[in-house]
Amino acid sequence: MNARILAATTGRILRQLRHDRRTIALLVAVPAVLLTLVYFMYADQPTPPGQPSTFDRIALVMLGIFPFVIMFLVTSIAMLRERTSGTLERLLTTPLGKLDLLFGYGIAFGLAAAVQAAVAAAVAYWIFDLDTAGSIALVIGIAVLDAVLGVALGLFCSAFARTEFQAVQFLPVVVVPQLLLCGLFVARDQMAGWLQALSDAFPLSYAIEALQEVGANAEPTGTMWRDVAVVLGSVVLALVLAAATLRRRSG
Amino acid sequence: MGDAIAVRDLVVDRGGRRVLDGISCTVARGAVTGLLGPSGSGKTTFMRAVVGVQVVTSGTITVLGQPAGAAALRHQVGYLTQAPSVYADLTVRENARYFAALHGRGRAEADRAISDVGLAGAAGQLVATLSGGQRSRASLACALVGDPELVILDEPTVGQDPVLRADLWARFHALAAAGTTLLVSSHVMDEAARCDRLLLIREGRLIADDSPAAIRAAAGVDDLDEAFLRLIRAGAARTGGAAS
């Protein structure tokens, strides 16, 4: 890795994003609009005594899920475009290192996700009165980490897609099982043993648990830090695997 | 000094088909070498092998004294792919600056590379809005921006108007005069005459490796197109006319 090349690559990806105003608008607005939907879905639901309202429970988890899903999709397509446009092959003939490219994507889309998460969190807390025991800064921080997890998995999965058609199929394959088993629909400890084992193997489960820890505790807990560490480790692992699948030579 | 490129017994198979079949040749430093041949003859595969992005079945390729694809060569070799490989959603200048930065060059070098290919007037334009010819020149600017010692150009003048083509060739010769080695592919014979030396490949085999003048003299005709035709027929006759 080389700091100058990494910075140039991150800047280049952000510049591409800047020229695409519609994508920026979608990135910023869509999570906020979806949160609005969730708010009105649960507006008339009774809250069980002594428990957080259903909206608080769902919205908090959504703040982590939106950036994960969106960044996974955006990254898969961006990387596939690098492959099909020939720019990837050209980049690999320059002094650029594979990790410069992969971390460039991670940082650039991580920054985009920070803006996205800040807007979504602002809407959730100040318009819809989302109530969490822990701080909003921690929620945004974990949301950005979830986005970076989406980026890293997207980079890795794009190696296995030859076309856009294949790339979008990885959304149901890689993302949806993690959503189903992350504890949002059924608490993880109430699932069958083999489902729990699967859930334990999915990085998103830890990302969601970390958010729930912030929701329930005023101070960061040990469980939250462990979860954050697991997600970070998954990011690094996915990036290393993605680097291993980038071949300078092809047939 | 030695040769810029030395290829020995290069064999490449792609998709179960033999694309390059035992090519041996050298490319001299500080000259423009033309790689000529019809579409599908293996020109692009040969160039990819020299750049080090092609999986090679057998044979050796030495580039600037190192095996093709060696990490150190990434600072010294500029590669223009046949299809323009630049970012369509960036401006010409943003593309050139990015590739300049990868080679440790600054904004001045990026601007110079853009004006060298005649795109100064379109520097602020998004690549997606350029014509095909402009797009391929934007790609060319990105290949030249790092001042590489060896430049591999895959059909750099396709779709350019005659005046621009003449300008680009003058630029290539100026680079060669300054010590840069250029390997330029083309399927247009009138461009062959502009090269210092020619490599002609057909169906994955090298059928001529000489200066344009020597090739004309050997074939006994003034027209390079006709000379190549005679070489191909002579080659076919030598192999007993087995080629269908």
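Predicted model: local features only at pLDDT ≥ 70, side-chain atom pairs only at ≥ 80, totals over all residues.
Chain B comprises eight helices and 10 strands. Its radius of gyration is 18 Å, close to the 18 Å that the globule rule gives for 244 residues, so chain B is as compact as a globular protein of that length. Along the principal axes, the C-alpha atoms of chain B occupy a box of roughly 60 × 35 × 35 Å. Of the 244 residues in chain B, 48% are buried. Where contacts in chain B link residues at least 6 apart in sequence, 65% of them join residues at least 24 apart.

Chain B contains an open sheet of six strands with mixed pairing, arranged in the order β6-β7-β8-β3-β9-β10. The edges are formed by β6 (77-80) and β10 (205-210) of chain B; each has a single partner strand, so one side of each is left without a neighbour in the sheet. On average, neighbouring strands of this sheet are turned by 15° against each other, direction ignored. Strand β9 (residues 197-202) of chain B pairs with β10(B) in the antiparallel sense over five bridges, and B:Arg202 has B:Arg205, in β10(B), as its bridge partner. Helix α5 (residues 162-177) of chain B lies across β3 (32-36), β7 (150-154) and β8 (181-186) of chain B and runs at about 150° to β8(B).

Between the chains, 22 residues of chain A are in contact with 25 residues of chain B. On the chain A side, α1 (3-19) and α4 (87-91) are the elements that give two or more residues. The largest share, seven residues, comes from α1(A). By residue class, this side of chain A divides into five nonpolar, nine polar and eight charged residues.

Key
Residues numbered from 1 in each chain as written. Chains lettered and ligands numbered in written order. Contact = placed C-beta atoms within 7 Å. Helix = DSSP H or I, 4+ residues; strand = E, 2+ residues; numbered from the N terminus. Nonpolar A, V, L, I, M, F, W, Y, C, P; charged D, E, K, R; others polar. Rg over C-alpha atoms; globule rule 2.2 N^0.38 Å. Buried ≥ 20, exposed ≤ 12 C-beta atoms within 10 Å, placed from the backbone. Pairing = 2+ DSSP bridges. Axes fitted to C-alpha atoms, helices over the stretch in contact; angles between N-to-C directions.
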